[in-house]
Amino acid sequence: MLKLEGLLIAQGDFILQADFTLEGGRRYAVIGPSGAGKSTLLAALCGFVPLARGRLLWRGHDISAAAPGARQMTMLFQDNNLFPHLSVAQNVGLGLRPDLRLSPEERQRVEAALHRVGLGAHVEKRPGALSGGQQSRAALARVLVQARPLVLLDEPFAALGPALRREMLELMRELVDETGAALVMVSHAPEDVRHISEEVIFVEGGRAQQPQPTATLMDNPPPELRAYLG
Ligand SMILES: Nc1ncnc2c1ncn2[C@@H]1O[C@H](COP(=O)(O)OP(=O)(O)OP(=O)(O)O)[C@@H](O)[C@H]1O
């Protein structure tokens with residue numbers, strides 16, 4: 001679905017290489033030491049960091065120069081990217097139309113998504129009036145209304161406690177299953193990686209490695225991964 005063809009990504013002096021394909025509907029975890037380039041990889045996939053070399057091919061089409069909004073991807077950051085001055089429903093509506101001029105059908109989709117994530121009673125509230133877990137649910141509702149075929153998560157829910165984080169990841173997994181989306185998730189928690197991902201992309205030494213089946217890799221890690229996992 002998304003081919004990373006001979007990618008070279010540069011951030012200042014830092015360089016990261018990647019050369020593999022992400023398949024539709026699969027769940028990938030991105031793991032590796034701090035500063036290895038996990039966030040940089042996701043930023044390059046969704047178009048926030050330009051490529052120094054190589055191409056990104058989306059279902060065979062070159063999207064290397066496409067603007068972030070024109071890519072068939074949703075990116076969810078650690079802070080949930082909620083605007084404090086907008087209601088929960090408006091924040092979710094932004095996922096459909098940046099000018100918020102929603103059609104009645106689009107409004108219904110927003111409401112259905114908020115009900116799906118358990119926020120039906122909170123649609124008119126501002127994000128500041130929600131708990132941390134509820135804010136994550138609002139961000140997930142936006143992922144749901146966008147229903148793009150690739151969802152990128154950069155350490156989502158890291159600010160939540162372990163139990164709530166697991167609950168949100170579980171919900172995330174249900175939502176991508178429902179929409180048939182592929183998931184690429186940066187994580188520092190090996191238990192989350194085992195629980196959520198089917199394949200693991202290990203980032204280390206300036207390279208994002210070819211995805212490997214999660215159980216195989218985590219049960220029998222190569223020395224660099226063993227060193228990282230501790
Ligand atoms: N805007 C930038 N300009 C220059 N260098 C940058 C920039 N952003 C990141 N870097 C460098 O790129 C490298 C990779 O950073 P990145 O944030 O991708 O790592 P990471 O694996 O996500 O780390 P962490 O697990 O700590 O979040 C680091 O050496 C960092 O200092």
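Helices (H or I, at least four residues) and strands (E, at least two) are DSSP runs, numbered from the N terminus.

## The model

What you have here is a predicted model, where local features need pLDDT of at least 70, side-chain atom pairs count only at pLDDT 80 or more, and totals for chains, interfaces and linings use all residues. Residues are numbered from 1 along each chain as its sequence is written.

As for confidence, the chain averages a pLDDT (the predictor's confidence in each residue, from 0 to 100) of 93, and 100% of the residues score at least 70. The complex gets an ipTM of 0.95 and a pTM of 0.92 from the predictor.

## Helix α1 and what follows

Let's start with helix α1, residues 38-45. It is mostly covered, with 6 of its 8 residues buried. Buried here means that 20 or more other C-beta atoms lie within 10 Å of the residue's own; exposed means 12 or fewer, partly exposed is in between, and C-beta atoms are placed from the backbone. The buried ones are Lys-38, Thr-40, Leu-41, Leu-42, Ala-44 and Leu-45. Just past α1, Gly-47 has a positive phi of about 95 degrees.

## Around the ligand

Helix α1 also gives the largest share of the shell around the ligand, at 3 residues. The residues around the ligand include Lys-38, Ser-39 and Thr-40, along with Gln-11, Gly-12 and Phe-14. A residue makes the list if its C-beta atom, placed from the backbone, lies within 6 Å of the molecule.

Sorted by class, the shell has 2 nonpolar, 8 polar and 1 charged residues. In this scheme Ala, Val, Leu, Ile, Met, Phe, Trp, Tyr, Cys and Pro are nonpolar, Asp, Glu, Lys and Arg are charged, and the others, Gly among them, are polar.

Strand β1 (residues 2-11) pairs with strand β2 (residues 14-22) in the antiparallel sense, over 8 bridges; two strands pair if DSSP finds at least two bridges between them. Ala-10 has Ile-15 in β2 as its bridge partner. Their hairpin has 2 residues between the strands, and Gly-12 takes a positive phi near 60 degrees there.

On to β4 (residues 53-58): it runs antiparallel to β1, joined by 5 bridges. Opposite Lys-3 you'll find Leu-57 of β4.

## Glu-111

Glu-111 sits in helix α3, residues 104-116. It counts as partly exposed because 18 other C-beta atoms lie within 10 Å.
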